[in-house]
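Colleague: I have a structure open and would like to talk it through with you. Could we start with how the parts of the chain meet?

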Amino acid sequence: MKPTPLPKQKNLRADCAWVIYQILEQGKSSRDCLERVQRRHHPRDNAWIQEMSLGVMRKLPILQHWLRELLDRPLKGNKKVIEHLILLGLYQLAFSRVSQHAAVGETVNASPYLGGTALKGLVNAVLRNFMRQELVNKPIDNPIIASGLPKWLYKALEDAYGQDADAVREATNAMAPIWLRVNTKQISITDYAAALDAVEINYSLSSEHADAIRLEGREDITGLPGFEKGHFAVQDGAAQLAAHYLDAQPHERVLDCCAAPGGKTGHIIERTPELAYCLALDADENRLKRVEENMTRLQHTQTNLPVIKQGDAAKPETWWDGQHFDRILLDAPCSATGVIRRHPDIRWLRKSSDIDALAALQAEILTSLWQTLKPGGTLLYATCSILPQENSQQISAFLERNADATLVPVIKTETPSKPGRQILPGEQQMDGFYYARLVKSLSK
Ligand SMILES: C[S@@+](CC[C@H](N)C(=O)[O-])C[C@H]1O[C@@H](n2cnc3c(N)ncnc32)[C@H](O)[C@@H]1O
């Protein structure tokens, strides 16, 4: 499909509708589109643009349900973006604190910026009918629509979690808190907490994480103390467990596989600066640039670590020097269903058929990397998925295929038939994540 250019002139609502169009019609991730739009507006509008665009992603099935009631037939072709503008108008009226007057008036005024001057009347009529018919107060009987999730994911969670599925779906729709990982190479957690106290920012510490701080509010990250000096990285609590479970030791050779943008690489180095070697490998050249940027901001450049390399994890013959690794973190490409609460567009970008393909890729990478691990070495398998096919079932199958692999639990409740730790979204305020630790036997 031909890419749609940003509207020539900026307008908050038209630009949000463009973001929604990019995600839903062109399969683009929200991150890139939001950045482009936010760059041309005042920084004070960044949070609003994000809240509105991603809010529509969270409530999409409900908004579309209302739209079907209000619009005789769908808009097509270059008018489609006006449908997205109407969804944004409905979102403002039903789920935001924007006044009704502004939600209708400003949304109608945004139409010409999207080439929809002739559709101003239609936008106005649909939004006014929504209010007149009081659709917001009419119960939605279909549980899939009410859940805000695509049908395939609704069902997949039903299969995986049975009577707990509703709670998992609800947590998947909740807002996620901001977690920081204090860069303990630069500053102690006590000193960083004191810096937050000094500027009256509320936070909590976590008993499970040595280096984590969870903010109580939605602060602007770049304005937090020590941002420029690299005193912290933004990283969810679940992701922060990777370096702890990997537990790299001084003088070891470590592979951080599927490393970009380097969130876990930085943590591994902060915990164990005396590593002999740390290779940050990723297939995506562009994302690897962000590893470099992050390492520079965190001031990890005084050491020779990490070595950053582009390569396909499934083809070690193209990047491996033949020296075995003591530890491997495989942060595998996955459905990202555990982080939908943070990135609500993921639910519309993923399809049911992606899961089989991802599970096959994960199995291929696991098998390839296993040969690069030394006997006695540890491989930590991680995903930000909450689907068993990518997690416990993946690891059970690997253990069955590989007699020299032993599961070394990261938590007490693991069993051979249900290996690994499945963290569900919202558990101790963390994202959904999965970890399984495998050790290679010495005898082979
Ligand atoms: C979950 S993200 C990694 C997040 C990263 N570990 C962090 O903590 O910041 C998965 C990564 O896998 C990479 N990837 C996907 N397929 C790959 C492959 N075949 N070989 C190497 N990297 C791959 C993607 O480019 C993406 O950066």
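Modeller: Before we count anything, two residues are in contact if their C-beta atoms, placed from the backbone, lie within 7 Å. Please keep in mind that this is a predicted model.

Colleague: Fine, and how many residues of domain 2 are in contact with domain 3?

Modeller: On the domain 2 side there are 14 residues, in contact with 12 residues of domain 3. The elements that give two or more residues to that side of domain 2 are β1 (179–182) and β3 (212–215), and the residues of that side divide into 3 nonpolar, 6 polar and 5 charged.

Colleague: Where do the domains run in the chain?

Modeller: The domain assignment gives domain 1 as 12–147, domain 2 as 179–234 and domain 3 as 237–440, and the centres of domain 2 and domain 3, taken over C-alpha atoms, are separated by 25 Å.

Colleague: Switching to the ligand, which residues come nearest?

Modeller: There are 17 residues around the ligand, and of these C258, G263, A283, A313 and D331 come nearest; the shell divides into 9 nonpolar, 2 polar and 6 charged residues.

Colleague: And E285, is that buried or exposed?

Modeller: E285, which has its place in helix α13 (residues 285–297), is exposed, because 9 other C-beta atoms lie within 10 Å and a residue with 12 or fewer counts as exposed.

Colleague: What about confidence, then?

Modeller: The mean pLDDT of the protein chain is 95, with 99% of its residues reaching 70 or more, and the model scores ipTM 0.99 and pTM 0.93.

Notes. Residues are numbered from 1 along each chain as its sequence is written. This is a predicted model: local features need pLDDT of at least 70, side-chain atom pairs count only at pLDDT 80 or more; totals for chains, interfaces and linings use all residues. Domain bounds come from an automatic or database domain assignment. Helices (H or I, at least four residues) and strands (E, at least two) are DSSP runs, numbered from the N terminus. Ala, Val, Leu, Ile, Met, Phe, Trp, Tyr, Cys and Pro count as nonpolar, Asp, Glu, Lys and Arg as charged, and the others, Gly among them, as polar. A residue is near a molecule or strand if its C-beta atom, placed from the backbone, lies within 6 Å of it. pLDDT is the predictor's confidence in each residue, from 0 to 100. A residue is buried if 20 or more other C-beta atoms lie within 10 Å of its own, exposed if 12 or fewer, and partly exposed in between; C-beta atoms are placed from the backbone.
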